[in-house]
Amino acid sequence: MSDAIEAEQSFVDKFPQEARVVRAALLSSFFALTLGAVFGIVQTLHRTDVARIIPSTDYYTVLTAHGVFMVISFTIFFLVGLFTWAVTRSLDRPLIDIRITWTWYAIMAVGMTMTGVSILAGFFPALDMSADVLFTFYAPLQAHPMFYAGLAVFIVGSWIAGADWFRTFLAWKRDHPDERIPLQTFMVLTTMAMWYIASSAVAASVLIFLLPWSLGFIDQVNPTLTRTLFWFFGHPVVYFWLMPAYLLWYTVLPKIAGGRLFSDPLARVVFVLFLLLSTPVGIHHQYLDPGIAEGFKFISMTNTMFLLLPSLLTAFTVVASVEYGARQRGGTGLLGWLTDLPWRDPAFTGMMLAGLMFAAGGFSGMVNAGMNINYMIHNTIWVPGHFHLTVGTAVALTFMAATYWIWPQISNKPIYSRSIGLFQVVVWFIGMALMSNAMHAQGIMGVPRRTAEPEYSGFEYATMFGGFEELNVQIAIGGTLLFVSTVLFIGNLVLTMGNPKVSGLAESLPPALSGPNDAPKVLDSLRLWVGIALTLVVLAYALPLAAIINRGGLLGPGVGTYPAWIAPTLDALAAAVTPLVGAIGKVAASLVGVIL
Ligand code: HAS
Ligand code: CU
């Protein structure tokens, strides 16, 4: 009997302290989503010339707010909440010290508030503060120092969060020396290892260059260098958003489908591949940048093509797990099993639609990644089309859908209306299908991204399947549906919070069909994978960064690239080493002569 009661305990019953942090993180995330959605609708109606409530000069303030609130605050606050839940749940123990957990949450919240305030201040000229630098914030665009300082604080908070989960894991490891790392914890640790590597570059860029430049301590920076350091981080950050969604697809979606994960070892391989390959590809955002040799771009392209592998493996494993679930529920036939899935469940349908859209988003990613085709779509609205399918749907819709499943367990409150939830995820899908498809089509016509005025005077866009105007209407309707969907999501959640607490909302996750013990032990060797990941980063970036600094100076052209004493020291070193190298060469040549 006591066992039965034990089994019915939900996450919040078992770990009330952790559940509180998870709720705080998720609510911060949804607050950012709300702000981001408001700026999103303003922007979509402005660009398409349907309704203009701001002057075009404020467009970049709106765009920066939309981008930063959506892809930095909404995504990252959600994932720190999710990871806190996943680590605690899968290790089945509380975090090591809840005060540390609240500390990193507070640091992140303070950092994001600083950044957010500096952006929003841009609407008030009297404040003399602005940060219209977009979410890509590299030079030559310059923001108020508070923008960069806030970002640095936010990133430091995320690092402490990672340390919190690693320490909890190490404590668990001491008690379970021979056990395999539970899958969800493994996913969190590999994601965070990747995050430490990736975010180190942007932290360096902010602290060494952008912040001192914005404070006036240095006069200029090397723009190519800050761009390259940004993209060193800017590509892996997309997997920082995606990997939590994958965590949900691998561990939660099969359960909701009524089945089990097909293969735990394959899931581990996927996360290891992301750790290894996410970073040495960032230059694929810079194919059109001058100042980076074509060869480095080519290497980045081939690395990117390898990076498709983990997602293709995911498509296989997740669909196989869902199909297994459908067959468990009595599904038959080649595709007939699709009808035996719980399509009325908003968590299930939302995640499936997110996955379906990711297949399209992944495809447009492959197009982006091809160096020659990239020249056609770079800086066009095709690129926002691509990332609204990936981060804007694969990730955002998965997070919203998962909330319908997780929220009751971290609050003991049932969702206010699951039917509204179902309607909401479908509206998101339809809205995004319209908006994203039209963005891709306009991109091929050459319509630029990042502008309030995409029409040039005296220039007509070629008519494709639909004309420019017709596609604009699709974008405006799509964008409006997305806004409506967000309002429904937030409204449903607020009403859920007003629900009385009940019991019986606990959910458990079934073990995988092929469990962790089927995976070779080396897969759990995080040190090895981090070592290889770092080596690949050095191989991919050492030479391009050295070339960029050599050409444009550490602090831009005309400013010494390094302290004056380094040059004579290097000369002296070279003078000492040259005869030595010559002598070694001679010895080697005579040795070869003797051997041959
Ligand atoms: Fe990307 C630009 C290449 C994935 C986000 N990307 C961006 C930007 C963002 C972004 C934000 O190579 C713009 C940055 C800016 O402001 O300039 N991207 C790729 C490639 C992939 C990729 C090769 N991107 C993502 C993800 C993102 C994201 C994920 C966010 C989360 N991207 C690029 C390139 C650029 C770029 C260039 C620069 C463009 C330029 O010129 O500016 C790959 O990782 C994609 C692999 C994915 C697949 C799909 C597998 C399918 C699956 C579906 C499973 C189905 C299920 C459901 C579960 C191969 C996993 C089944 C349902 C049934 C009903 C059966
Ligand atoms: Cu990328």
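Which residue follows helix 7, and is its phi positive or negative? Helix 7 is followed by G216, and the phi of G216 is positive, near 90°. The structure is a predicted model, in which local features need pLDDT of at least 70, side-chain atom pairs count only at pLDDT 80 or more, and totals for chains, interfaces and linings use all residues; side-chain values use heavy atoms, with hydrogens and water left out. Residues are numbered from 1 along each chain as its sequence is written, while chains are lettered from A and ligands numbered from 1 in the order in which they are written.

Helix 7 covers residues 183–215. Helices here are DSSP runs (H or I, at least four residues), numbered from the N terminus. Helix 7 has 33 residues and reaches 45 Å from its first C-alpha to its last. That is close to the 48 Å expected at 1.5 Å a residue, where the expected span is 1.5 Å times one less than the number of residues. A kink of about 40° is centred on V206; the bend at a residue is the angle between axes fitted to the seven residues ending there and the seven starting there. Buried means under 20% relative accessible area, exposed over 50%, and partly exposed in between (1.4 Å probe, protein chains only).

Two metals lie 4.4 Å apart: the copper ion (ligand 2) and the iron atom of ligand 1. Donors are N, O and S atoms within 2.8 Å of the metal (3.2 Å for Na, K and Ca); water is not among the atoms, so sites may look incomplete. The iron atom of ligand 1 has a single donor from the protein, H386 (NE2), 2.2 Å away. H386 sits in helix 15. The copper ion (ligand 2) is coordinated by H235 (ND1), H284 (NE2) and H285 (NE2), at 1.8 to 2.1 Å. Along the chain, these donors follow the spacing H-x48-H-H. H235 is in the loop between helix 8 (223–234) and helix 9, and H285 is in the loop between helix 11 (264–277) and helix 12 (294–328), 50 residues apart. H235 is buried, at 6% relative accessible area. H285 counts as partly exposed, at 24%.

The model holds 3 cavities of 30 Å³ or more. On a 1 Å grid over the protein atoms alone, a cavity is a set of points where a 1.4 Å probe fits but cannot get out; a pocket is an open set with protein on both sides within 12 Å along at least five of seven lines; lining residues have an atom within 4 Å of a point. Grid points are joined across faces, edges and corners, and a volume is the space filled by probe spheres set on the points.

The largest cavity has a volume of about 670 Å³. Of its 38 lining residues, Q43, H66, F387, H388 and M435 are the closest to the centre. The lining divides into 22 nonpolar, 13 polar and 3 charged residues. Ala, Val, Leu, Ile, Met, Phe, Trp, Tyr, Cys and Pro count as nonpolar, Asp, Glu, Lys and Arg as charged, and the others, Gly among them, as polar. The second largest cavity holds about 80 Å³ of space. Its lining has 11 nonpolar residues, no polar and no charged.

Key:
Helices (H or I, at least four residues) and strands (E, at least two) are DSSP runs, numbered from the N terminus.
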